[in-house]
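This briefing is for a reader who is new to the structure. Please look over the sequence and the 3D view before going on to the notes by topic.

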Amino acid sequence: MEWPDDVLTLEEAARLQKDLRKQVVLEDRLPNTLHAVAGLDISHSRFSSRVFAIAVLLDYPSMQVLEEAWTEGEAQFPYISGFLAFRESPFVREALNKLSRRPDLLFVDGQGIAHPRGCGIASQVCVLEDLPGIGCAKSVLYGKHGEVGPEAGDRSPLRGKWDDEIRTLGYAVRTKPRAKPMILSPGHRVSPETSVRLVLDCTRGYRLPEPTRQAHEAANRIRREQESQTAGQMSLGLE
DNA sequence: GCGACAG
DNA sequence: ATCTTGTCGC
């Protein structure tokens with residue numbers, strides 16, 4: 001697959017990840033009382049590199065949706081495992097910055113520090129935005145974990161290298177009975193343990209925590225709205 | 001060299 | 001991520 005080489009080479013991207021990783025804070029540095037949290041997600045088109053990014057602001061702890069903001073554009077980077085942030089973060093950050101106010105905590109789709117170079121998309125976004133945040137992934141990218149109990153809330157540590165030693169980078173967590181565990185890891189300014197507590201705190205009976213679930217639904221909805229609108233304009237000879 | 005491999 | 005309905009299992 002090809003992409004504009006005027007953006008970043010993989011070597012430069014990997015270097016940037018290693019630099020950002022040094023700025024990741026794994027201690028809890030977030031407000032004592034949360035007021036609003038945000039979920040970030042992206043929706044792609046079938047055979048197009050068009051991406052739609054959305055940021056949903058939710059009240060804490062009611063998880064009621066307060067606001068949605070979105071943006072769209074052409075992806076400037078292909079999907080390469082380990083480099084997801086270079087494809088999606090520009091859009092996700094733009095959507096985030098369209099919200100009328102700054103959330104107290106971010107829920108990002110993908111890994112936080114559970115990444116080959118310790119800097120998944122959640123860490124990259126949170127460090128660059130200087131906001132506390134958690135990486136909520138649907139599968140493992142880096143690290144190993146044992147069996148997870150069947151009850152909601154059951155967890156198993158995700159272990160992997162960090163500064164040349166094996167440590168707990170995050171947790172595989174059963175957010176819903178019989179559903180595949182979510183893979184959680186700190187993005188920035190939250191510990192692995194607090195990440196689990198906050199995600200369970202923001203989960204409402206579904207596998208995905210509410211901020212992520214709402215962002216995912218909104219992203220799909222908005223992409224379909226925009227695609228059908230674009231199709232209508234084309235049939236009228238516009239665009 | 002052989003697997004693993006976020007969205 | 002996206003394409004997609006019903007259907008098998010807890």
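A residue counts as buried under 20% relative accessible area, as exposed over 50%, and as partly exposed in between. By that rule Asp-163, at 53% relative accessibility, is exposed. The model is predicted.

- Strand β5 (residues 133–137) and strand β8 (residues 182–188) run antiparallel and are joined by five bridges.
- Ala-137 has Ile-183 in β8 as its bridge partner.

- Eight bridges pair β6 with β7 in the antiparallel sense.
- Opposite Ser-156 stands Ala-172, which belongs to β7.
- The two strands β6 and β7 form a hairpin, with two residues between them.
- Asp-163 lies in the loop between β6 and β7 (165–173).
- Although Asp-163 is not a glycine, its phi is positive, at about 55°.
- Asp-163 counts as exposed because its relative accessibility is 53%.

**Helix α1 and its packing**

- Helix α1 covers residues 10–21, which makes twelve residues.
- From its first C-alpha to its last, α1 reaches 16 Å, close to the 16 Å expected at 1.5 Å a residue.
- Ala-13, Ala-14, Gln-17, Leu-20 and Arg-21 are the buried residues of α1.
- Viewed down the axis of α1, these buried residues fall within an arc of 125°, so they line one face of the helix.
- The packing partners of the buried residues of α1 are α2 (84–96), α3 (121–129) and β6 (155–162).

- Glu-217 has its place in helix α5 (residues 210–235).
- With 44% relative accessibility, Glu-217 counts as partly exposed.
- Glu-217 and Ser-43 are 174 residues apart along the chain, and their C-alpha atoms are separated by 9.3 Å.

**Aromatic rings**

- Three aromatic pairs are present in the structure.
- One of them is formed by Phe-52 and Trp-70; this pair is tilted, at 6.5 Å centre to centre and 40° between the planes.
- This pair links distant parts of the chain, since Phe-52 is in strand β2 (residues 50–59) and Trp-70 in strand β3, 18 residues apart.
- Phe-52 counts as buried, at 3% relative accessibility.
- Trp-70 has a relative accessible area of 29% and is partly exposed.
- Phe-83 and Phe-86 also form a pair: their ring centres are 6.3 Å apart and their planes stand at 40°, so the pair is tilted.
- Phe-83 is buried at 9% relative accessibility.
- Phe-86 is buried at 11% relative accessibility.
- One aromatic cluster is formed by Phe-77, Phe-83 and Phe-86.

**The loop between β2 and β3**

- Pro-61 is placed in the loop between β2 and β3.
- The peptide bond that joins Tyr-60 and Pro-61 is cis, with omega at about 5°.
- Met-63 is also found in the loop between β2 and β3.
- The phi of Met-63 is positive, at about 65°, although this residue is not a glycine.
- Met-63 is buried, because its relative accessible area is 6%.

Note on methods. Residues numbered from 1 in each chain as written. Chains lettered and ligands numbered in written order. Predicted model: local features only at pLDDT ≥ 70, side-chain atom pairs only at ≥ 80, totals over all residues. Heavy atoms only, no water. Helix = DSSP H or I, 4+ residues; strand = E, 2+ residues; numbered from the N terminus. Expected span 1.5 Å × (residues − 1). Buried < 20%, exposed > 50% of the residue type's maximum accessible area, 1.4 Å probe, protein only. Arc of directions from axis to C-beta. Contact = heavy atoms within 4.5 Å. Pairing = 2+ DSSP bridges. Phe/Tyr/Trp six-rings, centres within 6.5 Å; stacked < 30°, edge-to-face > 60°.
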